[in-house]
Amino acid sequence: MNGKIFVRGSKRDHDDWSKYLDDPGWGWSSLLEYFKKSETFTPPTESFRQQGNVTWDMSAHGTSGPIHVTFPQQFFPSIKYLLAAERALGIPAKRDPADGDPVGSIWQPTSIHPNDYTRSYSKRGHFDPARTRPNLHLLADTTVTRILFDGQTAVGVEVCHTG
């Protein structure tokens, strides 16, 4: 099943990777701007928001990226029992998991287009707009084995045909 959940790692995970790799570029504060650049976030419909008390934090989201992110159109009636159980267990409701702290009761947005609720994904968001570029080459059954650098600039790749 593809639930189209649009999720990021937690702030702690990214900061731990940064520390482990000894590379500040993998930390949350370094990556957040790129997370935001990757999406066009649309808040949920008023009906969906009210039924589930859905909240979000616009400062954690992008508004002009290639992948569309919003909440589903439908609200399943059984969810009210889940929400009641979480409250009874004392699980705190989080404002928005995209802020880097996804622990608690959360509403997770999905990668769907808010106009027609169809899947929004990398082929439509990245490949289709670039497919006519003369410097884009799609190589099926091929794995990149090494990125070639000239100083700090990537200048090519080595590949291995795996088909």
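Visitor: Which residue in β4 is the bridge partner of Thr142?

Guide: In this predicted model, the bridge partner of Thr142 is His161 in β4. Residues are numbered from 1 along each chain as its sequence is written. Since the model is predicted, local features need pLDDT of at least 70 and side-chain atom pairs count only at pLDDT 80 or more, totals for chains, interfaces and linings use all residues, and side-chain values use heavy atoms, with hydrogens and water left out.

Visitor: What makes β3 and β4 a pair?

Guide: Two strands pair if DSSP finds at least two bridges between them. Strand β3 (residues 142-150) and strand β4 (residues 153-161) are joined by eight bridges in the antiparallel sense. The two strands therefore meet the criterion for pairing.

Visitor: What do β3 and β4 form, and which residue in the turn has a positive phi?

Guide: They form a hairpin with two residues between the strands, and Gly151 in the turn has a positive phi of about 70°.

Visitor: How many helices and strands does the protein have?

Guide: There are five helices and four strands, where helices (H or I, at least four residues) and strands (E, at least two) are DSSP runs, numbered from the N terminus. Along the sequence they follow the pattern α-α-β-α-β-α-α-β-β.

Visitor: Why is the protein called more spread out than a compact globule?

Guide: The radius of gyration is taken over C-alpha atoms, and the globule rule is 2.2 Å times the number of residues to the power 0.38. For 163 residues the rule gives 15 Å, whereas the protein has 19 Å, well over that value, so the protein is more spread out than a compact globule. Along its principal axes, the C-alpha trace spans about 55 × 40 × 30 Å.

Visitor: Why is Asn53 called exposed?

Guide: Buried means under 20% relative accessible area, exposed over 50%, and partly exposed in between (1.4 Å probe, protein chains only). Asn53 has 56% relative accessibility, so it counts as exposed. Asn53 is placed in the loop between α3 (46-52) and β2 (67-69), and its phi is near 50°, a positive value in a residue other than glycine.

Visitor: Why is Lys36 called partly exposed?

Guide: Its relative accessible area is 28%, so Lys36 is partly exposed. Lys36 lies in helix α2 (residues 28-37).

Visitor: Which residues does Lys36 touch, not counting residues up to four places away in sequence?

Guide: Contact means heavy atoms within 4.5 Å. On that basis Lys36 touches Arg8, Ser59, Ala60, His61 and Gly62. The C-alpha atoms of Lys36 and Ser78, 42 residues apart along the chain, are separated by 32 Å.

Visitor: Why does Lys94 count as partly exposed?

Guide: Lys94 has 22% relative accessibility, so it counts as partly exposed. Lys94 lies in the loop between α4 and α5, and among the residues it touches are Thr55, Asp101 and Val103. Between the C-alpha atoms of Lys94 and Val54, 40 residues apart along the chain, the separation is 9.4 Å.

Visitor: Why is Tyr121 called partly exposed?

Guide: A relative accessible area of 24% makes Tyr121 partly exposed. Tyr121 lies in the loop between α4 (79-88) and α5. The C-alpha atoms of Tyr121 and Ser111, 10 residues apart along the chain, are separated by 6.9 Å.

Visitor: Where is Ala85 found, and why does Ala85 count as partly exposed?

Guide: Ala85 is found in helix α4. With 36% relative accessibility, Ala85 counts as partly exposed.

Visitor: What share of the protein is made up of buried residues?

Guide: Buried residues make up 26% of the 163 residues.
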